[in-house]
Amino acid sequence: MTQEKFLKDIHLLADFARCYCEGNHANASKESLSLELSYKGENLQERLELFLCQECKELFLYAHDRLQACPHEEKPRCRQCPHPCYEREWWKRMAKMMRYSGIRLGFSKLKEKIAQKFR
Ligand SMILES: [Zn+2]
């Protein structure tokens, strides 16, 4: 995929992770995460700042790594992917986060389209 698509997807993932963590782990201790974005070895000169609990941080980083490694031009829906890269357990966690945050963030057409990729 293009750098632009990668950035769009990763920012949306970050929004979803933030929303989910705020709503579900309000009392968990959180740590900040500052991620320098790169894609296919190229530094994208952009930083992502997140403040998440341990659990959400792990999930976000896992999704980030999978997205970086995605060999497809346009990320297909996980369910229809010929090379699913999420391990089952992680995929279930991701689907849950997407469902939760999707409803709360309000589904614009674009967000719906991207969120569906992870189900
Ligand atoms: Zn959390």
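Lys40 sits in the loop between strand 1 and strand 2, where strands are DSSP runs of E with at least two residues and helices are runs of H or I with at least four, numbered from the N terminus. Lys40 has a positive phi of about 50° although it is not a glycine. The model is predicted, so local features need pLDDT of at least 70, side-chain atom pairs count only at pLDDT 80 or more, and totals for chains, interfaces and linings use all residues. Residues are numbered from 1 along each chain as its sequence is written, and side-chain values use heavy atoms, leaving out hydrogens and water.

**Positive phi angles**

- Lys40 is exposed, with a relative accessible area of 59%; exposed means over 50%, buried under 20%, and partly exposed in between, using a 1.4 Å probe and protein chains only.
- Gln45, in strand 2, is a residue other than glycine with a positive phi, near 55°.
- Gln45 counts as exposed, at 70% relative accessibility.

**Helix 1 against helix 3**

- Two packed helices are described by the angle between their axes and the distance between the axes.
- Helix 1 (residues 3-24) packs with helix 3 (residues 88-105) at an angle of about 85°, and their axes are 8 Å apart.
- That makes helix 1 roughly perpendicular to helix 3, a label for angles of 65 to 115 degrees, while under 35 is roughly parallel, over 145 roughly antiparallel and the rest oblique.
- Here the axes are lines fitted to C-alpha atoms, for helices over the stretch in contact, and angles run from 0 to 180 degrees between N-to-C directions.
- Among the residues that meet are Phe16 and Tyr20 in helix 1, and Met94 and Tyr100 in helix 3; contact means heavy atoms within 4.5 Å.
- The residues of this contact divide into ten nonpolar, four polar and three charged; Ala, Val, Leu, Ile, Met, Phe, Trp, Tyr, Cys and Pro count as nonpolar, Asp, Glu, Lys and Arg as charged, and the others, Gly among them, as polar.

**Inside helices 2 and 3**

- The 18 residues of helix 3 should span 26 Å at 1.5 Å a residue, and its end C-alpha atoms are 25 Å apart, which agrees; the expected span is 1.5 Å times one less than the number of residues.
- Helix 2 (residues 54-69) has 16 residues that should span 22 Å, in agreement with the 23 Å between its end C-alpha atoms.
- Buried residues of helix 2 include Cys56, Leu59, Phe60 and Leu67, and its buried residues pack against helix 1, strand 1, strand 2 and helix 3.
- Trp90 lies in helix 3 and counts as buried at 18% relative accessibility.
- Leaving aside neighbours within four places in sequence, Trp90 is in contact with Glu58, Leu59 and Tyr62.
- Trp90 and Ala63 are 27 residues apart in sequence, and their C-alpha atoms are 8.6 Å apart in space.

**His25 and the cysteines**

- His25 lies in the loop between helix 1 and strand 1 and is buried, with a relative accessible area of 14%.
- Not counting residues up to four places away in sequence, His25 touches Tyr20, Lys30, Cys53, Glu55 and Cys56.
- Cys56 is itself buried, with a relative accessible area of 1%.
- A search of the whole structure finds zero disulfides, a disulfide being a pair of cysteine sulfur atoms within 2.5 Å.
- Cys81 is in no disulfide, and the nearest cysteine sulfur, that of Cys85, is 6.4 Å away.
- Cys81 counts as buried at 15% relative accessibility.
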